Amino acid sequence: MTTRRLTTAQALVAFLARQYTERDGRRHRLIGATWGIFGHGNVAGVGQALLEAQSDMPYLQGRNEQAMVHAAVGHARQSRRLSAQAVTTSIGPGATNLVTGAALATINHLPVLLLPGDTFATRPADPVLQQLEVPYAGDVSVNDCLRPVSRWFDRIVRPEALVPAALQAVRVLTDPAQTGAVTLALPQDVQAEAYDWPEEFFAERTWRIRRPRPDAEALAEAARALRSARRPLLVAGGGVHHSEAEEALRAFADATGVPVASTQAGKGSLPYDHPCDIGGIGHTGTATADDLARTADLVIGVGTRWSDFTTASSTLFRDEAVRFVNLNITAFDAHKMAGLSVVADARAGLEELTAALGDHRVDAGFRAEYTSAKKAWEERVTAAFTAPDPDAAPTQAQVLGALDALVTGDDILINAAGSLPGDLHKLWRSRSADQYHVEYGYSCMGYEIPAAIGVAMAAPGRPVWALVGDGTYLMNPTEIVTAVQEGVPIRMVILQNYGYASIGGLSESVGAERYGTAYRHRAADRSFTGPPLPVDLAANAESLGMRVIRARSVRDLREALAEARAADVPTCVYVETATPDTVSGPPGAQAWWDVPVAETATRPSAVKAREEYDRQAAARRRHL
């Protein structure tokens, strides 16, 4: 047997550089690059290996370990999970900083390979720098924090253990039902240890991404249920995008006339101007979608995991006889809502369901009903987007309106947290399948800027926008430096409203009176009601190397956005937003969300909020 003598780290990098995916005849490099921040736990192992393998494995220098995972996740989502990136860190805080990003990746079913350094396997000194000691076990390290947020975890305590571990890691990364964060913890001494590896370990491998077909009996039952439904509704989730099932969904909608609502992850499955597209569903959804959901007698969930925002905390689907059909690649999600489980790839399942329905089409009166409601909602969107005074400061909705008037289907919008996801889900007019990129499985503040870098790397030449509020910006702005260093021309829009706007509104609704949600000086009574803090986020972004354009009015904003879109360097548009009012603000929530309110309180605001909470909670139901 031919062997090659390499260190464990060198062998791992060589192996990863030769892994490929293939779906529908298209081949992709699986691990296209490795993000890293070096420390004593990985610099002499993985760091040295990456130095030797520069031509085979590009290295990307990050500034924050969590942000590196976000960048890799953004890249994986834009690549439809067919390509991923690795992230290497040192031991200690470098490793624990991965946990949030790993949770985000796993919750959203997006592949990322984590390669944290670990303490010595041979224990020449105990403890070593940054080692966690626990009194009940000698084999625990901080990397064990990554176990519950990883879809596969292994610790490579001997070089030869890498062979099965690496193959299992890639199997999980490329499995459409199981993928998420994969962790290979690498003790620093094992990284540098040499071993005679079988040459076959480094052969090119192509992992074919399967498209499992639906069970014939389950498919026939789903078709019968749809034929007998008077008011069916399809809910498109992220699985539609992951499977590249948008055209299959369009064909289904064209053939049947079934209205299509979308989750945050599924928005854009149909373009906004498709006759069957009725927009977002749930707490942040449109009135059109939510009203139809309340009266639907059959709900077809495609690639959705039915989160509480989608179901309005189990208060949305109110018809006594409502039934669910769940087309999902994972049995775990397909069984939710007591639905008929159709376990299959989204594209394959939609194609077969459309064929099984033949010439079936929903009633013309039902189509006319939702078409009229869709038209009325679009008028509300236009009103929210329209700025009567172009010389006034824009509301947040008017910022989105200015962007809406500028972009084409080439542009990609990225957001994750704050009040923007709600406004975007209700208002944004998606023009292409991958334009809308809102991470709402974990809704992680600080995701937007690094994810924009990962997306831009996966979609070179396309305008990529990171939309961030001031709260999100302050969480994680450091990857601006990475964008500048790598020459990635992301566009960033900072919306400054001096506080946590989303949580402020929620705080008010639950009787907590916006306490602690504003970025303001403390007043004499120790409340946060003083003047805004003298924080200049535009100057901060500029100091990190970004070109910054300040917009003080709607007119300025339109010009600034156009200038940023045409830029070939990382560019920021900074705007202070006006407080929305009933005319220019976005429509409020069209469905409830369960955030428990204090059952007993002395302040009238909380007492009143509890009364409203009890009224709404009475509508909850379990679908059994």
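## Close-up views of a predicted model

**View 1. Helix α18 and its covered residues.** In α18, the buried residues are E448, I449, P450, A451, A452, I453, G454, V455 and A456 (buried means under 20% relative accessible area, exposed over 50% and partly exposed in between, with a 1.4 Å probe and protein chains only). Nine of the 11 residues of this helix, which runs over residues 448-458, are buried, so α18 is mostly covered. Helices (H or I, at least four residues) and strands (E, at least two) are DSSP runs, numbered from the N terminus. This is a predicted model, in which local features need pLDDT of at least 70 and side-chain atom pairs count only at pLDDT 80 or more, while totals for chains, interfaces and linings use all residues. Residues are numbered from 1 along each chain as its sequence is written, and side-chain values use heavy atoms, with hydrogens and water left out.

View 2. After the helix comes G358, with a positive phi near 60 degrees. Now look at the covered residues: A346, A348, G349, L350, L353, T354 and L357 are buried in α14. An α-helix has 3.6 residues a turn, so residues three or four places apart point the same way. The buried residues of α14 pack against the helices α8 (216-228), α9 and α10 (246-256), and against the strands β12 (232-236), β15 (298-302) and β16.

**View 3. Q19 in strand β2.** Q19 belongs to strand β2, residues 19-23. Is Q19 buried or exposed? Q19 counts as buried because its relative accessibility is 0%. Its side chain reaches the backbone oxygen of F15 at 2.9 Å, a polar contact (a pair of N or O atoms within 3.5 Å; within protein, one must be able to donate a hydrogen and the other to accept it, and residues adjacent in sequence count only if both atoms are side-chain atoms). Leaving out residues up to four places away in sequence, Q19 touches H28, R29, L30, I31, V170, A203, R205 and W207 (contact means heavy atoms within 4.5 Å).

View 4. T315 sits in the loop between α12 and β16, and it counts as buried because its relative accessibility is 4%. A polar atom of the T315 side chain lies 2.5 Å from the backbone oxygen of A312. Apart from neighbours within four places in sequence, T315 is in contact with W592, Q616, A619 and R620. H335 is in the loop between α13 (331-334) and β17 (340-343); at 52% relative accessibility, H335 counts as exposed. Not counting residues up to four places away in sequence, H335 touches N326 and S341.

**View 5. The second largest pocket.** Rolling a probe the size of a water molecule over the atoms shows where empty space is left. On a 1 Å grid over the protein atoms alone, a cavity is a set of points where a 1.4 Å probe fits but cannot get out, and a pocket is an open set with protein on both sides within 12 Å along at least five of seven lines; lining residues have an atom within 4 Å of a point. The second largest pocket holds about 740 Å³ of space (grid points are joined across faces, edges and corners, and a volume is the space filled by probe spheres set on the points). Of its 45 lining residues, G237, G238, G239, A265 and G303 lie nearest the centre. Which helix gives the most to this lining? That is α9, with four residues.

View 6. The whole structure has six cavities of 30 Å³ or more. The largest cavity has a volume of about 140 Å³, and among its 17 lining residues I278, G279, T286, W377 and E378 lie nearest the centre. β14 (277-280), α15 (364-385) and α17 (420-427) each supply at least two residues of this lining. The second largest cavity, of about 70 Å³, is lined by residues including R23, R80, D175 and I209.
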